[in-house]
Amino acid sequence: MRRILAAAALLTGALTARAQDAPPPPLSPQCEAPAVDIAAPAPLPHLAELLGKKPSSIRILAIGSSSTWGVGASSRKKAYPVLLRGILESALKGTKAEIINRGVSGEVAQTTAERLRTAVALDKPDLVLWQVGTNDALARVEAGDFEDTLRSTISWLKASDIDVMLVGLQYAPKFARDESYTVIRAALKQVAVEENVLYVNRFDAMQFIAKQQDAANLMSPDELHENDLGYECMAEHIGRAVIANLFVRRRDLPKPAPPAAQP
Amino acid sequence: MRTGGRQKNWPETAHARAKASKPSLGLTNSSYWLVKSRSLGAGGLGNARTRRLLGPRIKSAAFGAYRGLFRPAISRRRRVAELSGKNAAVHAKPAMRPPNEIDFWRGLALAVIFIDHVPGIVFEGYTLRVVAVSDAAEIFVFLAGWSLRLLVASRQVRDMSASHVVLRLESRAFTIFAAQIVITEIALAMTAAGAIYLENPLVLDWNNASAVFENPMEAHVGLVLLSHQLGYFDILPLYVVLMAGAPIAVLLDRRAPALVLPLSLAIYAATLATGANLPTWPVEGRWYFNPGAWQLNFTLGFMLAAKSGLGGYVRRHRLAVRLAGIPVLLAGLVAAHFGWSPDPLSLPEPRLFLMFDKTYATPARVLGLLSIVAVFGGCYKGFEPWAGPVTRFFSTMGRNSLNVFCVGSLLSLMAQFARFSLGGGAVIDTLVLISAVACMYVTAWLSEWRERAKA
């Protein structure tokens, strides 16, 4: 039931967006996965407002660990933030997307959260993409501590009028049934729902693709990190979620104002 | 702050230590430990009177003759000779300087840095960072600056020509650089070995190591250029830059000491105003310890250690400085206890001046450091008389800070592996801490043993 509601909500969101702006960027055939499994809708109020002003550029902080830095990609240019930039720029015609990569491999959420505050204060991004959870699961961080870290950082970002989008753990067959992995994934999803922030469920997306196709397609030989195609799909899913959810918030506004009208 | 003995006997580099440490009386290791200079005990702060009184007598006799000065109350094995450092150096030439305040705090900071580098260890709740806005890293860098002053004020360096000083300090910078390269390579090998042993390639991601295994071409260039730093292996790159830039401070201090701190503050202010920092590569980012900002902690140590100028002023107003430090220290304690820090985004630009940030050694953290120095500086002489073994233990570590730091860094990585495979918990963490600190002490002991063997 919840899933249907979410699907309906996403559809409304997507339709609203579609009515006024370019449609969300399409997924490559290899990356196809049901939209609702990838990202439940949640607002990106600050970014939506900013884009309404037709800015010449937006700034995104991509922070996280190895998947942000791009371990497993064949070159630095195949890391997801670089690919995402192309996707967003072609969707937001005329607006440049500057994506700052602050991925430090092996980092747990708490360490990233500390870095995040300084990075946000210095780089002043419009959107923070926080790829998080894998290292906490593998380092056996307590789910409660993990949730607290996420919550305090998300509330701080919200209070500071900066949109945040959580990018979840990757699907790796060897961790699919790992208890800690499952617990951290659930905690991440829980926080995203409670805080009403966008969450890209990388695990489900990758698992879906893996079931449809050969799992090895998305994974590098270490079976933990993604390969070029995996990062391509990651970037596509994130890009699609950003664009599709830009205007979700309008449903909550008393009278839907055109994005150009500013108070 | 110093005695002649400390200056004479200060040698910082292994080479110089070897040169200064030929024991003319065949002083063995065990007999060295009999030597404890009370006059040096307060970091050279006090007991000049004892020194004056004892100096001539000591000068006139061989080391063995001082046994008569041993206090009867002290056990035979740990007898204490009332030797001044100066005369001990002249006559006995022990391989290393006696325990003192700076070495003690440095050694303690090294132990605390070890704990801070093992995330999740139960003792992390008992380190300085829990009770203060700044942490052991600041203390370590401050004391490195202090040590630089002891070095340049030593008779050996004081008379050196400018070019000689530059050469001396740059060679020290190179030693630190070499140490960084060696421990990084060992850490990488440990990481790889851990991944093989635990059959978990994700270990290769730990501590920002993956670039080396993923992009070896770029990463190796980065390692040598110090633009690629493993997590927790990022203090020595700062130290290399500080030492490489140290001749500027030292030579300026010779000509115009009043300009050193203003220059340092100007660089600091420019760094914080612009947010400038050295980039990391191939991992996009910035240095964890921003040299432009952290040089202030180093320079403060350098200037406060001086007998004249700022250092002299502080010494003349010790009580006032201490009283002024107390409220700042307490404020830091409260802030750290409640985890309070100003919201960076609600601060006016330039934000870094008011933020609590370690990378940029922001003013709050510098004040935190200075309050610790103001309040606790000199208290060593209060506990030194009854904490002899402890002060000797940590001073030995502090005397060999580079070697101990290097081994400590590797031990902290080893501890990460131990905790990963065995799990944490009070028992394991206690074993980890005890064995690590013991290894760090043995490192210090071996370093000194090696120097004595050379002599």
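Biologist: Where does Pro282(B) lie?

Modeller: Pro282(B) sits in the loop between β1 (279-280) and β2 (285-286) of chain B. Keep in mind that this is a predicted model. The peptide bond leading from Trp281(B) to Pro282(B) is cis, with omega near 10 degrees. Another cis peptide bond links Glu349(B) and Pro350(B), where omega is about -10 degrees. Pro350(B) belongs to the loop between α18 (318-337) and α19 (363-376) of chain B.

Biologist: How many helices and strands does chain B have?

Modeller: Chain B has 23 helices and two strands. Of its 455 residues, 50% are buried. Take the contacts in chain B between residues at least 6 apart in sequence: 77% of them join residues at least 24 apart.

Biologist: Why is Leu226(B) called buried?

Modeller: Count its neighbours. The cut-off for "buried" is 20 or more other C-beta atoms within 10 Å. Leu226(B) has 20 C-beta neighbours inside 10 Å, so it counts as buried. Leu226(B) also has a positive phi of about 65 degrees, although it is not a glycine. Look for it in the loop between α13 (216-224) and α14 (235-255) of chain B.

Biologist: Over to chain A. Why is strand β4 of chain A called mostly covered?

Modeller: Strand β4 spans residues 127-131 of chain A, and five of its five residues are buried. In a regular strand, side chains alternate between the two faces of the sheet. Here Leu127(A), Leu129(A) and Gln131(A) are buried on one side, while Val128(A) and Trp130(A) are buried on the other. That is what lets us say both faces of β4(A) are covered.

Biologist: How do you know that β4(A) pairs with other strands?

Modeller: Two strands pair if there are at least two bridges between them. Strand β2 (residues 57-64) of chain A and β4(A) have four bridges, in the parallel sense, so they pass that mark. One example is Ala62(A), whose bridge partner in β4(A) is Leu129(A).

Biologist: Which residues touch the most other members of the largest nonpolar core?

Modeller: That core has 191 residues, and the ones touching the most other members are Val128(A), Leu129(A), Met165(A), Leu166(A), Ile238(A), Ala109(B) and Met440(B). Helix α9 (residues 136-153) of chain B gives the most to this core, 13 residues. As for Met440(B), leaving aside neighbours within four places in sequence, its contacts include Leu110(B), Met397(B), Val404(B) and Leu411(B).

Biologist: How many residues of chain A are in contact with chain B?

Modeller: 19 residues of chain A are in contact with 20 residues of chain B. On the chain A side, the elements giving two or more residues are α4 (66-69), β3 (96-103) and α6 (109-123). The largest share, five residues, comes from α6(A). That side of chain A divides into eight nonpolar, seven polar and four charged residues.

Terms used
Residues numbered from 1 in each chain as written. Chains lettered and ligands numbered in written order. Predicted model: local features only at pLDDT ≥ 70, side-chain atom pairs only at ≥ 80, totals over all residues. Buried ≥ 20, exposed ≤ 12 C-beta atoms within 10 Å, placed from the backbone. Contact = placed C-beta atoms within 7 Å. Nonpolar A, V, L, I, M, F, W, Y, C, P; charged D, E, K, R; others polar. Core = buried A, V, L, I, M, F, W, Y, C linked by C-beta atoms within 7 Å.
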